[in-house]
Amino acid sequence: MTWLTDRFGLDVPLVGAPLAGVADGRLAAAISRAGALGMLGVPATGAASWITAQAATCAAGGRPYGIGLMAWALTGEQLEAVLAARPALVSVSFGPYAKYVEELRRAGITVVTQAGTTDEAMAAEQAGVDAVVARGGEGGGHGRNDVGTLPLLQGVLDAVRIPVLAAGGIATWRGMAAVLAAGAAGAWVGTAFLGCVETTLSDAAAAQVLDARETDTAYGRVFDVAQQLAWPVEYGGRSLRNGYFTRWEGREDELATSPEGRAELKPGGYVYAGQAVGLVRERRTAAEVVQSMSTGNS
């Protein structure tokens, strides 16, 4: 048992990361039903009505679930929808998150934030979060690329007194066992769920995930620049490398002023995934992934 399992009544000390654009209510609810804690990720332009509908899907199962928010894009309407939904957990990260912590906690919601350095984790503790996610550079999606998961986890565990969840590169029971042995309260897992039938990924995108190797990811801001998303520059994204990324890598300033170049990126023309993607080899249900993380039957 850990702080995570005790706090939320879980069978498995695992949180399904809030994969914006991939993890909606269906995936989050499936992870929660399996005994872990599922999260839905709110896109930058996510409507309050979408949050309400997806939260209702999660809540219908009667199990705890969470919602992930991006501080740089968070609107008042989104926040009000989250407060009204009363999820068990809210992750608010990447930008000026601290101003939201007190209001969320007053609503009885457990609040965490993702940290990519030990200094960020220490600042999170000072901001009053209930726990911090030590997210290493191996992780998929957005975050810092400064420190790998293992050295970051060790540094954060030494530096803070609040519970620490480990994220980045954890996709099997071996990774889960490693971070728990180190002292983490649980694992924060995203890429391992990309092959699940409950995601919103297209069949073509899912096939890319299953075919990818551990060396097939790239980190940078190409896709954000192409979409004119105002992500803070320190938080790039780790994705599957494709021709578009390779073509524009190192030319982000040029891309920012090139409507033609930006138009080359088609909707759905990228898949965010971490370096553990090489361990995702088959289509499975979320329940099967959760079970494999807890029993070793992977």
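I started with helix α5, where the face turned away from the buried side carries the exposed residues K99, E102 and R106. Before going on, I noted that this is a predicted model, where local features need pLDDT of at least 70, side-chain atom pairs count only at pLDDT 80 or more, and totals for chains, interfaces and linings use all residues. Residues are numbered from 1 along each chain as its sequence is written, and side-chain values use heavy atoms, with hydrogens and water left out.

My working terms: buried means under 20% relative accessible area, exposed means over 50%, and partly exposed is in between (1.4 Å probe, protein chains only). Helices (H or I, at least four residues) and strands (E, at least two) are DSSP runs, numbered from the N terminus.

**Entry 1: helix α5**

Which residues of α5 are buried? In this helix, residues 98-106, I found Y100, V101 and L104 buried. Looking down the axis of α5, I see its buried residues fall within an arc of 115°, so they line one face of the helix.

What do the buried residues of α5 pack against? I listed α4 (76-85), β4 (89-93), β5 and α6. After α5 comes G108, whose phi is positive, near 85°.

**Entry 2: cores**

I looked up the nonpolar cores (sets of buried Ala, Val, Leu, Ile, Met, Phe, Trp, Tyr and Cys residues joined through side-chain atoms within 4.5 Å). The largest one has 86 residues, and those with the most contacts inside it are I67, V92, L104, V132, W188 and F193. A second, separate core of 10 residues includes V225, Y244, F245 and L265.

I then picked V132 and asked which residues it touches, not counting those up to four places away in sequence. My list for V132 is T113, A115, A121, A124, V156, V160, I162, P163, V164 and L165. (Contact means heavy atoms within 4.5 Å.)

**Entry 3: Y65**

Is Y65 buried or exposed? Y65 is buried, with a relative accessible area of 4%. I placed Y65 in strand β3, residues 65-70. Leaving aside neighbours within four places in sequence, Y65 is in contact with residues including S32, L37, C58, A85 and L89. Y65 and F8 are 57 residues apart in sequence, and 8.9 Å apart in space, C-alpha to C-alpha.

**Entry 4: a three-stranded sheet**

I traced an open sheet of 3 strands in the order β7-β11-β10, with antiparallel pairing. (Two strands pair if DSSP finds at least two bridges between them.) β7 (141-143) and β10 (217-220) stand at the edges with a single partner strand each, so one side of each is left without a neighbour in the sheet. For β11 I noted that 5 of its 5 residues are buried.

How many bridges join β7 to β11? I count 3, with β11 covering residues 236-240. G141 has R238 as its bridge partner in β11, and H142 has G237. Between β10 and β11 there are 4 bridges, and there T217 has L240 as its partner.

**Entry 5: salt bridges**

A search of the whole structure gave me 10 salt bridges. (Each is a side-chain nitrogen of Lys or Arg within 4 Å of a carboxyl oxygen of Asp or Glu.) R7 forms one with D130, the closest N and O atoms being 3.4 Å apart. R7 lies in helix α1 (residues 3-8) and D130 in the loop between α6 and β6, so the pair ties together parts that are 123 residues apart in sequence. D130 is buried, at 10% relative accessible area, whereas R7 is partly exposed, at 41%. I also found R7, R105 and D130 linked in a network of salt bridges.

Methods
Arc of directions from axis to C-beta.
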